[in-house]
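This report goes through one protein chain by its fold, its packing and a few local details. Please keep the sequence and the coordinates in view while reading.

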Amino acid sequence: MSFKKNLKYLLTASFALAITLLVTGSASATTFIVTSTADSGAGTLREAIDNANSNPGADQINFNITGGGLHTITLASPLTGITGQTTINGLSQTGSSCSVPRIAINVNGSYNPIYFATGATASQVNGLAIYGAPDNGYALSIESADTVVRCNFFGTTDGLTSINPGINRDWVNLLGDNATIGGNSSSDRNVFLNSGGNVAALVNDSDVSSITIKNNYVGVDITGANYVVGPSIGFDFYTVITSAIIEDNVIATSGGPGINFAFVSSGSSGVVVRGNMIGTDASGMVGFASTDKGISFVGSFIAPLIEDN
């Protein structure tokens, strides 16, 4: 091969390699590591969120805190709102799983302590234990679209006992479209335990037209066998929906309906409520007297599909 051909080949290969590296770099998320349980400063969750907000493109927040057991981050004030696509991955902490979280966030009565803004489309929250929601407030507010909340504990750190009772506490406030709470697998399950709470998840904005809620436990422990304490209402809809898939959840409340479509959601369509155990354990064989109504519709709805509940 001549010198000119060699040079042409090397230049072509170098250009192709440069293009490959550029594409690979742009497609992968930037990862920030949390190494401290402190509220602020180096290695904290607060710093990681601030860094993710400053970084263009998708980001992931992982945890690598020294020591075994549960690591609790107690907030002194709300975290900075998340403004770009970000995955907070509690499952990255050593020893963590969907049944045994190793990262807990005590939101410590802060209002809107964990907030995903509209620009945080396709974000995820995985593998955290979140408790300490404020009275008459929320622990997790989601205004971003296509957000996934899976494999988390709310109001508990062990999935067996409810902690930090309060008044009218809501765990998840959904303001963004096409969210998924839970998922197709039982391993995607969120566990919601409440004392003095209002709802597990509130769907509460006209921007929300579609939502999927699957495989969650509300009011029952991680085994699905025992009622601990549930919110007043399981899943509460306060807007008109065109697609709502509510399947395979176990819901036991402390007095209200398991699933509630309020009057302001009248006119909704595409509602599927299927395969849920409401007011019972996961087997459907043991009833809990705490739940008043199974499913409540107030108003007029377009061909809802209600089956096998």
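## Model and conventions

The structure is a predicted model: local features need pLDDT of at least 70, side-chain atom pairs count only at pLDDT 80 or more, and totals for chains, interfaces and linings use all residues. Residues are numbered from 1 along each chain as its sequence is written, and side-chain values use heavy atoms, with hydrogens and water left out.

## Overall makeup

The chain contains two helices and 25 strands; helices (H or I, at least four residues) and strands (E, at least two) are DSSP runs, numbered from the N terminus. Of its 309 residues, 48% count as buried. Here buried means under 20% relative accessible area, exposed means over 50%, and partly exposed lies in between, for a 1.4 Å probe and protein chains only.

Contact means heavy atoms within 4.5 Å. Among the contacts in the chain with a separation of 6 or more, 80% are between residues 24 or more positions apart.

## Strand pairing

An open sheet is formed by eight strands in the order E3-E5-E8-E11-E14-E17-E20-E23, with parallel pairing. Two strands pair if DSSP finds at least two bridges between them. At the edges are strand E3 (71-74) and strand E23 (277-278), each of which pairs on one side only. Strand E20 (residues 250-251) is joined to E23 by two bridges in the parallel sense, and Ile 251 stands opposite Ile 278 of E23.

Another parallel pair consists of E18 and strand E21 (residues 259-261), with three bridges. Phe 235 has Ile 259 in E21 as its bridge partner. E18 is mostly covered, since five of its five residues are buried.

## Nonpolar cores

In soluble globular proteins, nonpolar side chains tend to be buried together. A nonpolar core is taken as a set of buried Ala, Val, Leu, Ile, Met, Phe, Trp, Tyr and Cys residues joined through side-chain atoms within 4.5 Å. The largest one has 54 residues, of which Leu 45, Phe 63, Phe 116, Val 172 and Phe 237 touch the most other members. Helix H2 (residues 45-54) supplies the largest share of this core, four residues. Leaving out residues up to four places away in sequence, Val 172 touches Leu 140, Ile 142, Phe 154, Ile 181, Phe 192, Ala 200, Ala 201 and Leu 202.

A second, separate core has 11 residues, including Ala 104, Val 220, Ala 252 and Phe 288. Val 220 sits in the loop between strand E17 (217-218) and strand E18 (233-237), and its relative accessibility of 0% makes it buried. Beyond its neighbours within four places in sequence, Val 220 has contacts that include Val 191, Leu 193, Tyr 227, Val 250, Ala 252 and Phe 288. Val 220 and Val 250 are 30 residues apart in sequence, with a C-alpha to C-alpha distance of 7.5 Å.

## Cavity

Rolling a probe the size of a water molecule over the atoms shows where empty space is left. On a 1 Å grid over the protein atoms alone, a cavity is a set of points where a 1.4 Å probe fits but cannot get out, and lining residues have an atom within 4 Å of a point. Grid points are joined across faces, edges and corners, and a volume is the space filled by probe spheres set on the points.

By this rule there is one cavity of 30 Å³ or more. The largest cavity holds about 30 Å³ of space. Its lining consists of Leu 45, Leu 79, Ile 88, Ile 105, Ile 114, Val 125, Leu 128 and Leu 140.

## Disulfide

The structure has one disulfide, a term for a pair of cysteine sulfur atoms within 2.5 Å. The bond joins Cys 98 and Cys 151, with the sulfur atoms 1.9 Å apart. Cys 98 is in the loop between strand E4 (86-89) and strand E5 (103-106), and Cys 151 is in the loop between strand E10 (148-150) and strand E11 (153-154), so the pair ties together parts 53 residues apart in sequence.

The disulfide is left-handed because the torsion about the S-S bond of Cys 98 and Cys 151 is about -125°. Cys 151 is buried, at 2% relative accessibility.

Asp 248 lies in the loop between strand E19 (243-247) and E20 and is partly exposed, with a relative accessible area of 37%.

Notes. On a 1 Å grid over the protein atoms alone, a cavity is a set of points where a 1.4 Å probe fits but cannot get out, and a pocket is an open set with protein on both sides within 12 Å along at least five of seven lines; lining residues have an atom within 4 Å of a point.
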